[in-house]
Amino acid sequence: MNDDVRPDPDALLAQLRAEEQRSQRGKLRIYFGANAGVGKTWAMLSAAQREHAAGRDVVIGVVETHGRSETAAVLAGLDTLPLREVAYRGRTLSEFDLDAALARKPAVLLVDELAHTNAPGSRHAKRWQDVQELQSAGIEVWSALNVQHLESLNGTVGAITGVRVHETVPDTVLDEAEEVVLVDVTPDELTARLAAGKVYLPQQAERAAQNFFRKGNLIALREIALRRTAEHVEDDVRGWRVEQSGPQGDGGPPAWNTSGAILVCVGPHEGAGQTVRTAARLAGQLNVRWHAAYVETPRLQRLDAAQRDRILAVLQLAEELGAETAVLTGVNVAEELAAQAQRLNCATLVVGRTEPAQGWERWWPRPPLARELARHAPGVDIVEVARADSSRRLAHARPGGRRRDPAVEDADRPQARRSGYAWAAATSVAITLLAMPLVGVLELANIVMLLLLGVVAVAMRFGRGPAAFAAMLNVAAFDYFFVSPRLSFAVSDVQYLVTFGVMLGVGLLVGQLTAGLRFAAGVSASRERRAQSLFELTRELSAALESAQVVALGAAAVQGHFGGRAVVLVTDANDRLVVPADAPPGFDPSVADWTLRQGQPAGLATATLAAQPWHYTPLKAPMRVRGVLALEPAHPRWLLIPEQAQQLDTLARQIAIALERVHYVEVAQKAVVEMESERLRNALLAAISHDVRTPLTALIALAESLQTLPEGTGDQRAAARAIVTQAHQLHALVSNLLDMARLESGIAGGTVNLRRDWQSVEEVVGSAIRAARPALGDMAVQTALPAELPLVEFDAVLIERVLVNLLENAGKYGAEPIVVGAHATDRALVLSVRDHGPGLPPSLRGREQTLFDKFTRGQAESATPGVGLGLAICKAVVSAHGGEITAANAAGGGAEFTVTLPRRTPPEPAESSDIPA
């Protein structure tokens, strides 16, 4: 076994990100039971009382007692949020106040009845969506749930009890819960509670005992609840083993290999929802990913709007249960599904059971879909799902309750379909009238070609049905008007019967092929439009250099593809959305702000604020959310089609990436400007300092010579001494400027010539104190140096300069005594200079490092001379040595500057050999 195997850095990074997200997200605890009345709410409240007694902030968001006195008694002592009043159809409904809970932000929040449907107009349609937003805000939530409310078990429970449950929760909510607490009682005990009035009121209890609460139902639901809880525990164990398994080969438990994925076929029949639920439950049991696909054939394309809305609702259900959905197009359903299963590496196909043939199909039945799939995909397992008539019916997918696409409406109207048959009849009549005068000129075969040409034209424009009708009319017209005896359906030559049959068959075949070609051309055109819009947007965004250009191009591209109106909103420097002054009607800035903060879509065709007329999508870039894309599409129903939703998501991602690119281009440009400015300033400082240094040295020499003239008066000598003092200060300033320019140029890309050698720290500290004595005057300087300080390798001249600058700074702004200390660790030498003055200004608290910037002083307005270069030189010297310098207020008063220099073990001194005399 290879012991040098290193962990995958990408896997470690993904694990760290996942752990960070989990740490920021609130936990979810679900009290899970088989039926109402098992004691879920009571158990939840009892645990809340224990947590409250332990000192945690526990608040009740909403709890339903259902008139049970035992449950109401456990509420005592717990804070409760007031409910929100919602007016609906002349009534006032009390709902959970999500905004109040987010503002209160307790440690634990109790939100009962997870499957509850919120009143219309609420932010979310379901209470479990409120819980997810609470978790995103970092709030731990406790809730309660019955097994019959799980979406994947909806049909199973309905088949057992005969009762349709309409309020459901996606299985992913239970699967992602950190804790699931099973609350279980025996069927006999639950029946006794029901009889005692502890579950429902007496009149309700009597009806429940005769229907839902039959003993057989209770036993079956209890078994399902126990199995579902066991599956959750198994998932926890599997997740733990996967986390514990690693690539290091340390003998830890190995991780499981997942099997192939599952592909479920969504059909137009009523049982498609149950097929999806069964596939979701199967995927959860096998711990595999799963997909849902609907194949639109030319025949299915002619379904009415209600049936298509039902198909979209089933696809939306699959997405809620965790599937990736797709709408495929093709002539053969089995071929398309087999190809999709191969592309997605699916090992199992789940299909609904074929319905019995009805009408004329009983005489010419189609082969079952499962048999066709077995022929096209022999290596794939096929699971047939029975229908469940007791499962809840899915609401038709009509986003925002708005009117459907007018173009779709026109295609579905009966008069629109009748017009195709009318045009077929008119075409047949027109060709017959045109050909009758040509009977003696053209052969009958040529007339047949003209009639077939009419069939092709009708098929291209109106589809299969009108084309078949035109073919039959043309055969009848050919027999009546062109075959002897004319103007009669009688046939003098039997061979014409073959002509009629071939003519009808060719007409039907040509119509079928032409309609199929028309369907394929429409599909290709739709795909080409999507690809073209992406190509054009990508090409135009690549040339954008400003955020305003990206906003304009992005809004135009989305509006051009989806119609309607589109708005791209970006964030400002404070990460707040910039709302346009002329916001279009119906646009809600608060919804856009929620989308930005949560990073999730909202509005039209989503589960959050679905009544909004606009759809809001976050602009997610690789680094962060850059803004929000708001869209009011011309055809709201498009947003429910998976391909169109993916197109919108792709457009939004391209816009977000462009915004991020422009942002970093601006950052890079600012950095380049700052670097060039810094380089120019350093060059000017170096040039000026070098040119000023020579005449300044001469000025100092002349001033000193004035002091020695014998004929000078006392005032003249005093003036000469003042000139010398000021010249020395100016000389020190010019030296600082020159040194700073040299150090900065070396750090920026040049070379800082460090004369490193093994130095004695005590000697460098002593020479620094002597050098700083003229500036310190009579201020007391103390040293705190251990006796056994090791030799350290550094540039003694530069480090001495650092200590001198720190001592002069302490002399200017601090008070005596000044203490110079040093100590060594295994890897570093730590030097410190401390004074006992007022310390650092309060304005620098939390940003002490700004003291080391060039031309920065602790007090902007001060009588103390200086330009703020001493500490900047210290930082440059220390950085050149690979060290660090910090400033802080010392305990007991005063400021303390600490220099940390890296060190290594000094070499052993060489032993001198004895030389004989």
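**Notebook: sheet, cores and rings**

The model is a predicted one, in which local features need pLDDT of at least 70, side-chain atom pairs count only at pLDDT 80 or more, and totals for chains, interfaces and linings use all residues. Residues are numbered from 1 along each chain as its sequence is written, and side-chain values use heavy atoms, with hydrogens and water left out.

**Entry 1: the sheet**

Helices (H or I, at least four residues) and strands (E, at least two) are DSSP runs, numbered from the N terminus. Two strands pair if DSSP finds at least two bridges between them. Strand S2 (residues 58-62) pairs with S3 in the parallel sense, over two bridges. I then traced the open sheet of six strands, and its order is S3-S2-S6-S7-S1-S8, with parallel pairing. Which strands are at the edges? They are S3 (79-80) and S8 (179-182), and each pairs on one side only.

Next I checked the helices over this sheet. Contact means heavy atoms within 4.5 Å. Angles run from 0 to 180 degrees between N-to-C directions, and axes are lines fitted to C-alpha atoms, for helices over the stretch in contact. Helix H2 lies across S1 (28-33), S2, S6 (108-111) and S7 (140-146), and runs at about 160° to S7. Helix H5 (residues 127-136) also lies across S1, S2, S6 and S7. H5 runs at about 175° to S6.

**Entry 2: a hairpin**

I moved on to S4 (residues 84-88) and S5 (residues 91-95). They pair in the antiparallel sense over five bridges. Arg84 has Glu95 in S5 as its bridge partner. S4 and S5 form a hairpin with two residues between them. Arg89 in the turn has a positive phi of about 50°.

**Entry 3: the cores**

I asked which residues touch the most other members of the largest nonpolar core. The core has 55 residues, and the answer is Leu109, Leu110 and Leu134. A nonpolar core is a set of buried Ala, Val, Leu, Ile, Met, Phe, Trp, Tyr and Cys residues joined through side-chain atoms within 4.5 Å. Buried means under 20% relative accessible area, exposed over 50%, partly exposed in between (1.4 Å probe, protein chains only). Helix H2 (residues 40-53) gives the most to this core, with five residues. Another core, of 50 residues, lies apart from it; Leu312, Val314, Ala323 and Leu631 are among its residues.

I listed contacts of Leu109, leaving out residues up to four places away in sequence; among them are Val59, Phe96, Leu134 and Trp142.

**Entry 4: Thr161**

Thr161 is in helix H6 (residues 154-161). Buried or exposed? Thr161 is buried, with a relative accessible area of 6%. Its side chain reaches the backbone oxygen of Val157 at 2.8 Å. Not counting residues up to four places away in sequence, Thr161 touches Phe212, Arg214, Asn217 and Leu221.

**Entry 5: the rings**

I searched the whole structure and found five aromatic pairs. Rings of Phe, Tyr and Trp (its six-membered ring) pair if their centres lie within 6.5 Å; planes under 30 degrees apart count as stacked, over 60 as edge-to-face and the rest as tilted. The Phe587 and Tyr616 rings have centres 5.8 Å apart and planes at 50°, so this pair is tilted. Phe587 and Tyr616 are buried. Phe587, Trp614 and Tyr616 form one aromatic cluster.

Technical notes. Polar contact = N/O pair within 3.5 Å; in protein donor to acceptor, adjacent residues only side chain to side chain.
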